[in-house]
Structures are given as structure tokens and as C-alpha cells.
Number of protein chains: 2
Amino acid sequence: MKDVVAGIDIGGTNIIFGLVDNSGNVIAENRLKTVDYPDIKDYTYAQDEALNIMLRENPGHRLIGLGVGAPNANYHKGTIELAPNLAWKGIVPLAEFLKERVHVPVIVTNDANAAAMGEMIFGGAKEMKDFIVLTLGTGLGSGIVINGQVVYGHTGFAGELGHTVIVPGGRECGCGRRGCYETYASASGLVRTVLNLFSDMRADSVLRDLPPSELTSKKIVEEAEKGDAIALEAINYTAEMLALGIINAVTFSSPEAVFLFGGLVKAGELLLDPVRKYVDQNVMPIFRGTVKILPSGVSETNAAVLGAAALAWNELKK
Amino acid sequence: MKDVVAGIDIGGTNIIFGLVDNSGNVIAENRLKTVDYPDIKDYTYAQDEALNIMLRENPGHRLIGLGVGAPNANYHKGTIELAPNLAWKGIVPLAEFLKERVHVPVIVTNDANAAAMGEMIFGGAKEMKDFIVLTLGTGLGSGIVINGQVVYGHTGFAGELGHTVIVPGGRECGCGRRGCYETYASASGLVRTVLNLFSDMRADSVLRDLPPSELTSKKIVEEAEKGDAIALEAINYTAEMLALGIINAVTFSSPEAVFLFGGLVKAGELLLDPVRKYVDQNVMPIFRGTVKILPSGVSETNAAVLGAAALAWNELKK
């Protein structure tokens, strides 16, 4: 019998889960629809059943732990708390409920912390003690590792870099405040910057022919690659703002590397090159040249499951 | 024989040192003039001799370690690097040189990290694993503790919160950049705010009768206590900016408490009350009410020596 853990990534639409060995091989992967389980207890039954089926279909494996990445998850308490995109309202004791069904250790954290753990155990940070992962999707998530440990803080909710204020009085944020990092440095931040440049710049652009509500970061990156002036300037500005948040994080914890992950990183060197330039140019002199800006070393296909599984493997090794 | 360590605080003008037992009692304290030792080797001889004299005058004590707080000190390497206010230029292997003379373990870090260690071992953070100390003097120094460990980072220079950018394009900073936290939230930041309010506000103020070069934070606090409108507004704005940096730090590492230390804290509740109000009002909702804003629990008289000594005690306990 070979020991495996299950990595489970709970999102607003899908719950993706898989069996992962301690070398990071994904033995099997499947998914449940989040909306099918408005009652958390129903979900834990379904999850247990789905894992049992998966184990029967892949004989020779013994399940020894669950790692779960979920929005608004609290590592200390094993709970999901006040998650706006889930039907499970209030404070949900997810780890406890899952453990009652599956009878193995259950570790819970948010998806960006799971991504950081994935980077450390299976990705580009294997030899590192101090690094940060930024997930650049609709918002900006972050997982921070210091002295080889994910930073959870006193509350269990630490590492919300997407909501550090980098422009006082700046863009409105979904959190109800203004000027948060993620309103500039994310896929939706890139879209907002293009909308702003429509008024600031005079250049022609095919992007002006789309209704603003249909503008996506994917489309903007495509046009930038063809040389569209507004798209290029938007990526340049996004890189400068992304760099500003990285600079402040470096001033705080002086990591060896910052890994970038998620949709926006598809822009590749078009984004990464200017980010490196702005970090080098604007960081405090004492930190110049001390931090690598790298794309994530975890393949996007299995990243969510691998991150959650890494969380469990890390805990089991203690 | 009772074990003691020496705590040594190296500043641009004075080197203050003392013998400290493991309960935080300062058995003796003395000082050397920094400028008397332009050669680092001469200093280490003088420091060894001064400690021997101190031990002879206080019989019954055995020296088992040195902790040193110094500007631009690197914990990992035991060096002082490129310190602008010291005659010792370049990269100085301070720990190595001191150890050659004194023959006990020597630990080196910057003064704000030493202050954090003092808070943890002898001050208000004895039971805490996650907290931050901000030293509000001419500049703003910070010591960050996460999971019970001071954050040194990959480079050994982490925890420079005074140089996180909180207003892009804002006030000029001594580090050569703009908008750093310490240009707003420090004794000199308070003075700069009053100078700005001289033009923004119409109110009378005795502070207008002083040449700007003679304006001090002490004088401003005195006038605020008497009800001076400009001084009061300056303290209010300083509190708001101090809160902004605290809010971003909370979003990063979610500490249990932030301790404030140094000259500016003499303003007492006049400063602390609005800081607490602005933190509570402007922090991300998930962190509301989770962080205490407290004056340092280490008495200012011996704080530098106690902090440096705490550094040594902490290392010896490992």
C-alpha cells in the first residue's frame, strides 16, 4: 500500500480534488459542483463517498490525510468564515465535519496559502525558507513563507497582500475600501487601467470597439502582443503597480523570491520584464538585486490540488 | 557565580552597554563615545576592557554572551554594512571581531529588532508569538515577530517598515525615494506635517513664531496639549498616517499587538487614541478589533541595553 493524501480545492463553482503521493504525482482527479451542496453536511458525505470511489478505482493506495484550500479559510480553527462566494454562511467548522466522515487529519487554509505550500513542496521554492506567492486572477491572493513556515498570524487570516493600501484614496475595492493592491495588480486591475487609458490617451485601439463590460485581461494581452499602444501602456502601468506592492513586501520580509501565478502571468515576459525593472529601480537600495521575480514552478493544470495536497504532506511530516 | 549577558547599543554618538541577568535586571550600565574609535579594532579592545572593569566592580557575575544592537546590522552575517552614521565604512565583521576579544557568543542585529526582542523577553509581549514594535524617533524603525521569531528575511535586513511606500510620489525620504512611511509617521514627519499645515490652515499658532529649523516634535506636542489648532491637526494627521502603515502591516502578518516606542509616544493618548480609531475604521473588516495598539512595556531608561541583552538571552536559550 502506498500512502497518499487528498488535495481539495473549494471554489465558488467547483470543488476539485485529487489523490497525490509525496513526490507530487496526481494519481487521480475529479470534481464536485459546489452549488449541489448548499448544506455543508451533505458536502462532507459526498466528499467522503467520492474519495472512497477514487480509492477503489486506484487500488494500492492508503489515504492518510486531507489538505483543503478554500476562500476565507482559517488555518488555526479549521473553519471557513463569512465567505461571500459560498452558500455555507457564517462560521463553518469544515475540518471538524470532514474529519468526522473521513477519519484522517484535515488541514484547512486559503487557496493562496495552499499555492505557497505547493510551491515549497512541489514547485520552484523547494530550497527556499523565505518567499512569497502572488496569485494574479480576478483578485490578488498571496501566500507568505518566512523561516520555512506559512504566515497565518494571530488570527489565522494573515497574508492578505491584495488588500494592502498602495494608493490612499485610490480605486474602489470589493472589500469596501479604496486603493487596495488588487485593484491595480490583477486581471481586473489591468482591465480597469485600460478603461482609464481610454480617457487619458489619444491612441487608436481595437479595444475601444468593445463594450467595457466585455473587456478581458486575455483580450488585452492578445492586443498588446500585436503592438496595441493602449494595451502595452496598460501592461506597463500594471507592472509598475505590481512592482510597488512587491517592493513593500520585500521591505517587510526580504524574501529570496516572489513567484507569480495565475491568469495574468500568461502575459509572460511582457509583464515580468517590466516588473523586474521597476522592482530593481524603485526598491530601497539595501534590497536591490536580492529578490528573484519568477513565474510559479507549479504547472497550472493541477496547481490547486497540488497546493492543497502539499499542505497535508507538510503537516504529516511534522 | 550568576550568569549575565552584556547588552550593547551602538549609536552614532554613544555606545551604551550594561550587564543584564535573565530576569531583565540591569546590574551595571556605562558608555563609550563612538567617535573615539574610528578603527573598529580599537573599539573591540576598548569594549572588552570596559566589560572586564564592569565585571570586577560587580563581583559574582559570569559573562556568557553579548547581544549588540547597531544600525544596518546583519543578523545572519554578524556584520554592520554601509552604516551612514558610523565611521566604520563598508562591511564590518563586528560579531567576529568582538568574539576574538571577549570569547563568548556574540549576536548582532539592528536596534529595532533588538527592541522587539526586549519587548518579547522583558516587556509587554511575553506571552505573544506575533507582534510588531515600531520605534518612532527621527525615523521609524521596526522589529517584526512572527511565530515567535524575529523576521530577518533572506538578506538579514528584513523589517524596514519605515521605508515601505505609503504615498506613491509623496514626501522625499533620506533613502533617496519618495513617500516612505517614516516621512509621515515619526518625530520628523510630525514636524514636516506642521510645516505643511502652516500653508494649508489659517489658524493662529505660536509655532508660526519659530524658525522652521528650530521646530521640534516635543514643542509641537506641548502646544497640542495647550489646544493649539495646528499642533492638534498635525497630531491627528500623523495618527492617521501611522494607522495606515499599521493597517498594511496587519494585512500582511496579522499581529496580536503593535507596540509603539520612542520620542513621539510621549504624546501619549493624544496620539494613541486617534491611531486606534483610524486603525479600527480603516482596516480590512476581517481584521477589525483583532490588534492591540499599545505603548511599549519596556522602560525607556534601559530599553536599548535590555533589547540587546534580550537578543543574547534568546539565542542562549535555544
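Modeller: In α4(A), the residues G189(A), L190(A), T193(A), V194(A) and L197(A) meet α6(A). On the α6(A) side, the partners are I230(A), A231(A), E233(A), A234(A), Y237(A) and T238(A). Contact here means C-beta atoms, placed from the backbone, within 7 Å. Helices are DSSP runs (H or I, at least four residues), numbered from the N terminus. The residues of this contact divide into seven nonpolar, three polar and one charged. Ala, Val, Leu, Ile, Met, Phe, Trp, Tyr, Cys and Pro count as nonpolar, Asp, Glu, Lys and Arg as charged, and the others, Gly among them, as polar.

This is a predicted model: local features need pLDDT of at least 70, side-chain atom pairs count only at pLDDT 80 or more, and totals for chains, interfaces and linings use all residues. Residues are numbered from 1 along each chain as its sequence is written, while chains are lettered from A and ligands numbered from 1 in the order in which they are written.

Now the geometry. Helix α4 spans residues 187-200 of chain A. Its axis and that of α6(A) come within 9 Å and cross at roughly 125° (lines fitted to C-alpha atoms over the stretch in contact; angles from 0 to 180 degrees between N-to-C directions).

Confidence in chain A is highest in helix α6, residues 229-253, at a mean of 98 (pLDDT, the predictor's confidence in each residue, from 0 to 100). The mean pLDDT of chain A is 95.

Technical notes: Helices (H or I, at least four residues) and strands (E, at least two) are DSSP runs, numbered from the N terminus. Two residues are in contact if their C-beta atoms, placed from the backbone, lie within 7 Å.
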